[in-house]
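Reader: I'm new to this one. Can you walk me through it?

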Amino acid sequence: MSKIALTAEDMEVLNSKIGLKHLLANKKIKLEKVLKNARHELKFRAIQEELVKLQLWVIANNKRVLVLFHGGDSSEKSTIIRKILSHNNPRHFRIEVNLPKKDGEVKDDYYFRKFIEKLPRAGEMVFWDRSWYNRALFEPIGGLCTQEEYERFMEQVNNFDKMLVDSGIILLKFYFTVSPDEQEDRFEELTKSPLHRWKAERWTSASPKMFKKYMQHKAAMFEKTSTDFAPWVEIDKDTREEELIAAAEHILNHIPYKK
């Protein structure tokens, strides 16, 4: 066991149910890591209680909440969404995923149509794991849209966001930034995992060339589509735990629910 001086607060954390769980999780105990993981879980448990209160407020007041999650391939948006909603009522939230069009699928003349059909109803929260903003990022890089379609989207998207906000929808837009070193570590971690290796196959920003193009499109998206009524919130943290807590706290701080 690591020899470190423990404070009274450290002992309180270690003697909690969550602290004991982390303490007994491994045969080789590293107290610094145990304390860090236990504090994170205790903090996020309190945040989850507030997220439940927020959802009850949304339901009771027939509010509509729409949260968009974007970021590089290694930002693990789907995991963050699942953890944020892990204690909420699944009858009153939806998780939507914007997947690329399949081969042979007919293109809709109005790009935003499929998103309008899935907007939140009264008393509902909808979380998008990549949204219509794929057209600003992945689609032009991957050849999934033409330059003309990309430019048309960039001209129209602010008006679309404004229409949503004006209709009473609470709209939040997250972008998760991961450093190149952290991205490389996560990519290597995926490729070594027999259960998650498949995820690495569809990373568009794995090569330096693709990463440069992606960052150029990201900069253009931030410059042109981060508005007063629907700004982009960039989360740039070193660990998965910090990313999760930062996103959850921003949701709680920017939706005016009664605590």
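Reader: Which residues form a nonpolar patch on the surface?

Author: Ile-95, Val-97 and Leu-99 do. Together they have about 270 Å² of accessible area. Keep in mind that this is a predicted model.

Reader: Where is Leu-99?

Author: Leu-99 sits in the loop between strand S2 (93-97) and helix H5 (113-116).

Reader: Buried or exposed, Leu-99?

Author: Exposed. Its relative accessibility is 60%, and the cut-off for exposed is over 50%.

Reader: New topic. How many salt bridges are there?

Author: The structure holds 12. One of them pairs Arg-121 with Glu-124. Their closest N and O atoms are 3.3 Å apart.

Reader: And Arg-121, is that buried or exposed?

Author: Arg-121 is exposed, at 54% relative accessible area. Glu-124 is buried, at 4%.

Reader: What about Lys-173, which side chain does it meet in a salt bridge?

Author: That of Asp-161, at 3.1 Å from N to O. Lys-173 belongs to strand S4 (residues 169-176) and Asp-161 to helix H7 (residues 147-166), so this pair ties together parts 12 residues apart in sequence.

Reader: Are those two buried or exposed?

Author: Lys-173 is buried, and Asp-161 is buried too.

Reader: Which residue forms a salt bridge with Asp-166?

Author: Lys-162. The closest N and O atoms are 2.9 Å apart. Both residues lie in helix H7, four residues apart, so about one helical turn separates them.

Reader: Which residues do salt bridges with shared partners join into one network?

Author: Arg-94, Glu-96, Lys-118, Arg-121 and Glu-124.

Reader: Back to H7. How far does it reach?

Author: H7 has 20 residues and spans 29 Å from its first C-alpha to its last. That is close to the 28 Å expected at 1.5 Å a residue.

Reader: Where is the kink in H7?

Author: It is centred on Gln-156. The angle is about 40 degrees.

Reader: Which residues of H7 are buried?

Author: Glu-149, Tyr-150, Phe-153, Met-154, Val-157, Asn-158, Phe-160, Asp-161 and Leu-164.

Reader: What comes just after H7?

Author: Gly-168 does, with a positive phi of about 105 degrees.

Reader: Where is Asn-62 found?

Author: In the loop between helix H3 (31-60) and strand S1 (64-71). Asn-62 is exposed, with a relative accessible area of 52%.

Reader: And the place of Arg-130?

Author: Arg-130 is in the loop between strand S3 (124-129) and helix H6 (138-141). Arg-130 is buried, at 16% relative accessible area. Buried means under 20%.

Reader: Let's switch to H11. What span should it have?

Author: H11 covers residues 240-254. Its 15 residues should span 21 Å at 1.5 Å a residue. The end C-alpha atoms are 21 Å apart, which agrees.

Reader: Which residues are buried in H11?

Author: Glu-243, Leu-244, Ile-245, Ala-246, Ala-247, Ala-248, His-250, Ile-251 and Leu-252.

Reader: Now Met-221. Which helix is it in?

Author: Met-221 lies in helix H10. Met-221 counts as buried, at 0% relative accessibility.

Reader: How far apart are Met-221 and Met-154 in space?

Author: They are 8.0 Å apart, C-alpha to C-alpha. In sequence, 67 residues separate them.

Reader: Last one. Where is Thr-227?

Author: Thr-227 is in the loop between helix H10 (208-225) and strand S5 (232-235). Thr-227 counts as buried, at 15% relative accessibility.

Reader: What lies 3.0 Å from a polar atom of its side chain?

Author: The backbone nitrogen of Ala-230 lies at that distance from the Thr-227 side-chain atom.

Key:
Residues are numbered from 1 along each chain as its sequence is written. This is a predicted model: local features need pLDDT of at least 70, side-chain atom pairs count only at pLDDT 80 or more; totals for chains, interfaces and linings use all residues. Side-chain values use heavy atoms; hydrogens and water are left out. Helices (H or I, at least four residues) and strands (E, at least two) are DSSP runs, numbered from the N terminus. Buried means under 20% relative accessible area, exposed over 50%, partly exposed in between (1.4 Å probe, protein chains only). A polar contact is a pair of N or O atoms within 3.5 Å; within protein, one must be able to donate a hydrogen and the other to accept it, and residues adjacent in sequence count only if both atoms are side-chain atoms. A salt bridge is a side-chain nitrogen of Lys or Arg within 4 Å of a carboxyl oxygen of Asp or Glu. Patches are made of residues with over 30% relative accessible area and no salt bridge: like charges are joined within 9 Å, nonpolar side chains (Val, Leu, Ile, Met, Phe, Trp, Tyr) within 5 Å. Accessible areas come from the Shrake-Rupley method with a 1.4 Å probe; for residues, only the protein chains shown count as cover. The expected span of a helix is 1.5 Å times one less than its number of residues. The bend at a residue is the angle between axes fitted to the seven residues ending there and the seven starting there.
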